[in-house]
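Please work through each task before reading its solution.

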Amino acid sequence: MQVNINKDVNLLEFGEDLKQIAETDVKKCYQCGKCTAGCPLNYLMDISPSQVIRFCQLGMKEKVLNSRSIWYCIFCDTCSTRCPQGVDIKGVMDGLRRIARSEKIKPKADVRALEKSFASSIYSFGRVYEPGVVAGFNLLSGKLLHDVILFPLLLIKRKICLIPHFVRSSEVRKVFKRARKKERSI
Amino acid sequence: MNYAYYPGCSLESTSPDFHLSTKALIEFLQMDIEEIPDWTCCGASAIHPDNKLLSLALPSLTLDSANKIKKDIMVQCPACYAHLREAQHALKLEDEMTEGIHEVLNKKVDPSLNIKHFSEILVHEYGMDKLEEKRVKSLEGLKVASYYGCVIVRPKKVMAYDDPENPQLMDQLITMTGATAIDWPFKTKCCGAGNSISRTEVVLDLTYEILRMAKQNGAEAISVLCPLCHINLDLRQKAIEKRYKTKFNLPIFYYTQLLGLSFGLDPKKLALDRLFVSPFPLLRNKGLL
């Protein structure tokens, strides 16, 4: 792959940002490719996990933040577990997502819809109310009929709870509000 | 043994079979384990990509609940287990993040309690010898692939459960039942996990590989310890078969159900009838029912 390194990139700054956010040092990577070899989602990524790390080393922020790869990572941690240099590749992916979000870069995969729907379920009830999560996801993602076919199957097997449980929900809501306020102020 | 059970949201809704078979074992083995009354969601994988502080504060609430009743925590769901442990780890560091968690919760949470997976308690504390004494039926002749998934073994320094490439704990339990725990390479290969809802096709691709590898290595059934792995392999097995134009017909058991069978517990109590891929033809065929 041919790569043009932008002269303006500040190599040190991006590396330091990542060190702060992902708590790992990408400079340690010597490109053995073990992370890529074990990654179950590599087949759908536009740049492989080891390339993501290489681009981070080179300070190519735009390239990684606009990649599909950071949104396709499923955090299975196979990469970080196998890295001979102890680089937390999964942590870098997670950190890059947070940076992308703070810079208002649109995710390249449907991850936000589920996360939002999930978080609002916890916020509302204290525990997850799964029919609500799926319904919320379908609404937010526009895939209205997604998995609807499973609903009667789950009902027959009594594997769905129709009524949400409210547990410490007002306390949980306060925790959400305080954490969101604090995260914004950092 | 002084544990409080944290079932987590999945066991309470989509995985009652795991919940019921766990409770049946606790009762049968006369273990002194009760459910934490006011447990809340651990945050699952939906919170940490957005707000790290919140992802650590939510499970800390449950640590606080267990502290109130002065008990250690017993968990079944690996994702809950991971999030509780990560929160505990963060609370122990006593750094800026720890302070943040305390501030967000508006109280200090003591992280010194133990958090254990039920399988660890069975093997390391209850003891294999005692479990074997309770066995009334050998599941001899049944070939089972134990599938651990990712979260229970990784990250190793947080989970400290077993070897992340070739774990043995569930294999030990399967062997105890008299069944054969087959040797196979995909014990900790990812099933696609939370992509089940958002990107189902990814899950179908990954689980296809897992089912195929299990079958190739001679498995007649798979044993799991994660509710999400179970959904992806059991509930979605028909869709996997359709996508790849093949037939697996591999029953997916929770390890607790196989243990219960070997203890002679009622299949209804173990919720075997709630599995989507029916295990009954296989069990009858093997003379185990």
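**Exercise 1.** Determine what percentage of the residues of chain A count as buried.

*Solution.* Of the 186 residues of chain A, 37% are buried, a residue being buried if 20 or more other C-beta atoms, placed from the backbone, lie within 10 Å of its own. The model is predicted: local features need pLDDT of at least 70, side-chain atom pairs count only at pLDDT 80 or more, and totals for chains, interfaces and linings use all residues. Residues are numbered from 1 along each chain as its sequence is written, and chains are lettered from A and ligands numbered from 1 in the order in which they are written.

**Exercise 2.** Describe the secondary structure and extent of chain A.

*Solution.* Chain A contains eleven helices and zero strands; helices (H or I, at least four residues) and strands (E, at least two) are DSSP runs, numbered from the N terminus. Its C-alpha trace spans about 55 × 40 × 30 Å along the principal axes.

**Exercise 3.** State the strand order of the sheet in chain B and identify its edges.

*Solution.* First, the order is β6-β5-β7-β8 (chain B), an open sheet with parallel pairing; strands pair if DSSP finds at least two bridges between them. Next, β6 (180–181) and β8 (252–254) of chain B each have a single partner strand, so one side of each lacks a neighbour in the sheet. Finally, β5 (residues 143–147) and β7 (residues 221–224) of chain B are joined in the parallel sense by four bridges, and A145(B) has I222(B) in β7(B) as its bridge partner.

Notes
A residue is buried if 20 or more other C-beta atoms lie within 10 Å of its own, exposed if 12 or fewer, and partly exposed in between; C-beta atoms are placed from the backbone.
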